[in-house]
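Q: I am new to this protein and would like to learn how to read its features. Could you walk me through them, one idea at a time?

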Amino acid sequence: GADKRPVDGASVKVRLLWDEDYLYIGYENFDNGIADLKNTDQLNSSGSWWASESDDVETYLTTSPNGNYYAYFGNPSALNFRYFDYGTGREHDAGQCDWSTATKIFDEEGADNDRWVIIQAISFESLGITGPATTETAVYGYFYRGYYSPSGFHNIGWNGASVWAP
């Protein structure tokens, strides 16, 4: 797993597992201000929560580093949506593919750093991979956490990668 520590006492750990049919991405999102977690329990009319401001995780996946990619979004209420890019701009498909999420918010009294956890189960078929995945199956990804803190909105990524820019 990878660990990234940004500002305001927040951090995130990402872990990956897979089987023949699914890629599983687990995010453990630590936050000193878990009581102030922004979290919506419904999608807006465009099928996202951006207008509602919700903390989230964003998983960007592709089978080719120079090809099209898919962006899987999940929030603390286990609401999902997916965007994809075919080189002509982003398209929103509201998650019309085989994937799901499960979440849990931990707000432990007296804990220094509470957290929320989300696990995304994304079928390889939703990435265009047919047949069972093997050790030779190549999938490339970027992993992000979006969150609100007293100092504003932050999007945490690794190695200088920015959202929507491979």
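A: Gladly, and we can begin with two neighbouring strands: β3 and β9 pair in the antiparallel sense over 10 bridges. Strands here are DSSP runs (E, at least two residues) and helices are DSSP runs too (H or I, at least four residues), numbered from the N terminus. Two strands pair if DSSP finds at least two bridges between them. This is a predicted model, in which local features need pLDDT of at least 70 and side-chain atom pairs count only at pLDDT 80 or more, while totals for chains, interfaces and linings use all residues. Residues are numbered from 1 along each chain as its sequence is written, and side-chain values use heavy atoms, with hydrogens and water left out.

Q: Which residue is the bridge partner of I25 in β9?
A: The partner of I25 there is Q120.

Q: How many helices and strands does the protein chain have?
A: The protein chain has zero helices and 11 strands, so the pattern along its sequence is β-β-β-β-β-β-β-β-β-β-β.

Q: With which strands do β2 and β10 pair?
A: β2 pairs with β3 in the antiparallel sense over eight bridges, and L17 stands opposite Y24 in β3. A hairpin through three residues joins β2 to β3. β10 runs antiparallel to β4, with seven bridges joining them; here T62 stands opposite Y140 in β10. β10 is also joined by five bridges to strand β11 (residues 152-156), again antiparallel. S149 has G152 in β11 as its bridge partner, and the hairpin formed by β10 and β11 has two residues between the strands.

Q: How do I read side chains along a strand?
A: In a regular strand the side chains alternate between the two faces of the sheet. As for cover, a residue is buried under 20% relative accessible area, exposed over 50% and partly exposed in between (1.4 Å probe, protein chains only). In this structure β3 is mostly covered, with eight of its 10 residues buried. For the protein chain, buried residues make up 42% of the 166 residues.

Q: Which residues touch the most other members of the largest nonpolar core?
A: A nonpolar core is a set of buried Ala, Val, Leu, Ile, Met, Phe, Trp, Tyr and Cys residues joined through side-chain atoms within 4.5 Å. The largest one has 24 residues, and I25, Y27, Y72 and L127 touch the most other members. The elements giving two or more residues to this core are β2 (11-18), β3 (22-31), β4 (56-62), β5 (69-74), β9 (114-123) and β10 (140-149). Apart from it lies another core, of seven residues, among them Y69, A71, F73 and Y83.

Q: What does I25 touch?
A: Contact means heavy atoms within 4.5 Å. Not counting residues up to four places away in sequence, I25 touches residues including V14, L16, T59, I118, Q120 and F143. Across the protein chain, residues 24 or more positions apart account for 54% of the contacts with a separation of 6 or more.

Q: How many aromatic pairs are there?
A: Rings of Phe, Tyr and Trp (its six-membered ring) pair if their centres lie within 6.5 Å; planes under 30 degrees apart count as stacked, over 60 as edge-to-face and the rest as tilted. By this rule there are eight aromatic pairs. Y60 and Y144 form an edge-to-face pair, 5.4 Å centre to centre with 85° between the planes. Y60 lies in strand β4 and Y144 in strand β10, so the pair ties together parts that are 84 residues apart in sequence. F73 and F81 form a stacked pair, 4.7 Å centre to centre with 10° between the planes. F73 is buried, with a relative accessible area of 1%, and F81 is buried as well, at 0%. Ring pairs link Y60, Y69, F73, F81, Y142 and Y144 into a cluster.

Q: Over which ring does the charged end of R115 sit?
A: A charge sits over a ring if NZ of Lys or CZ of Arg is within 6 Å of the ring centre and within 35 degrees of the ring normal. The charged end of R115 sits over the ring of F106, 4.2 Å from its centre. R145 has its charged end over the ring of Y147, 4.6 Å from the centre.

Q: What is the phi of A78?
A: Most residues other than glycine have a negative phi. Phi of A78 is near 65°, a positive value in a residue other than glycine. A78 is found in the loop between β5 and β6 (80-85) and is partly exposed, with a relative accessible area of 28%.
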